[in-house]
Amino acid sequence: MQVTHPLPPEIDPANLPRHIAVIMDGNGRWAKKNSLKVALGHRAGTENLREIIRNCSDIGVEALTLYAFSTENWNRSKTEVEALMQLILDFFHSEIDELDAKNVRIRILGDKAGLPDPQRQVLEEAEERTGSNTGLSLNIAVNYGGRAELVRAAQQLAREAAAGERTVESIDEAAIADHLYTKGLPEVDLLIRTSGEMRLSNFLLYQCSYAEFVFPEELWPDFHVPQLHRCILEFQRRSRRYGGREE
Ligand code: IPE
Ligand code: IPE
Ligand code: MG
């Protein structure tokens, strides 16, 4: 299959981030700027998703994690929450066949049980249908909170210890990682948050420990493959030291 946007020559294909996480922010401001209702900003914010996902798959990124709905986003108006929930259904209905055909494995990060039935079903079906695919790992964070994820991991580990299935001493960094929604995925290398905001908003707190952060100014609906490549280039210019010293 043809690569839609080949990597520009200044990007080193041997040094791509293995795991890219994206906080897709700025749909509301985009709608306002274009004198549209917020729901249309969110809709515009799904139209670039296909090219971004396809490009990550084409260039050989291992994992792409998208923040779609946080545990705090329930605080928005009923109308806005409903619009976002509808978009989840629309996205999977229109994209699942192509994603599956591209060997993409879908995983949902977050508390699916707290979602309305139709959304929960669609997400579970997508996970099931693509569960044995071996290409890009596409993780979609829905009803996700980083703190809630850590609480859940702590409770699971405590339960295992109380049941005598593990010792307290066996609870190490790897054990915690194994009890997160991202079990088995590489740590986040590159965290992108669009719209110029510079905060994590409860996203992947544990997994971003050594991520490089890039904060492009574009509002999410204006973020396309060339902007993604610019973020990757910025990532490649960083010097990752992990607490050590460069040679
Ligand atoms: C991000 O866009 C999408 C979600 C939170 C679901 P926003 O709706 O937060 O956009 P701004 O921050 O209001 O511009
Ligand atoms: C984070 O963006 C959540 C998603 C992009 C899904 P928010 O717009 O909700 O975050 P805050 O409120 O600005 O921190
Ligand atoms: Mg926002």
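## Exercises on the shell around ligand 2

In this predicted model, the shell around ligand 2 is made up, by class, of five nonpolar, two polar and four charged residues.

**Exercise 1.** Identify which residues surround ligand 2, and state which strand gives the most to its shell.

*Solution.* Begin with the list of neighbours: ligand 2 is surrounded by I23, M24, D25, Y67, A68, F69, N73, R76, R193, R199 and S201. Next, turn to the secondary structure, where strand β2 (residues 63-70) gives the most to this shell, with three residues.

**Exercise 2.** Work out which oxygen contacts ligand 2 has with the side chains of R193, R199 and S201.

*Solution.* Start with S201, which has a polar side-chain atom 2.6 Å from an oxygen atom of ligand 2. For R199, the corresponding distance from a polar side-chain atom to a ligand oxygen is 2.7 Å. For R193, an N or O atom of the side chain lies 3.2 Å from an oxygen atom of the ligand. As for cover, the protein hides 77% of the 390 Å² of accessible area that ligand 2 has on its own.

**Exercise 3.** Decide whether N143 and S201 are buried or partly exposed, and describe the backbone of each.

*Solution.* N143, in strand β4 (residues 137-144), has a phi near 50 degrees, a positive value in a residue other than glycine. Because its relative accessibility is 7%, N143 counts as buried. S201, in the loop between β5 (190-193) and β6 (212-214), also is not a glycine and has a positive phi of about 45 degrees. With a relative accessible area of 30%, S201 is partly exposed.

Technical notes
Residues numbered from 1 in each chain as written. Chains lettered and ligands numbered in written order. Predicted model: local features only at pLDDT ≥ 70, side-chain atom pairs only at ≥ 80, totals over all residues. Heavy atoms only, no water. Near = heavy atom within 4 Å. Polar contact = N/O pair within 3.5 Å; in protein donor to acceptor, adjacent residues only side chain to side chain. Areas by Shrake-Rupley, 256 points an atom, 1.4 Å probe, with all protein chains shown as cover. Helix = DSSP H or I, 4+ residues; strand = E, 2+ residues; numbered from the N terminus. Nonpolar A, V, L, I, M, F, W, Y, C, P; charged D, E, K, R; others polar. Buried < 20%, exposed > 50% of the residue type's maximum accessible area, 1.4 Å probe, protein only.
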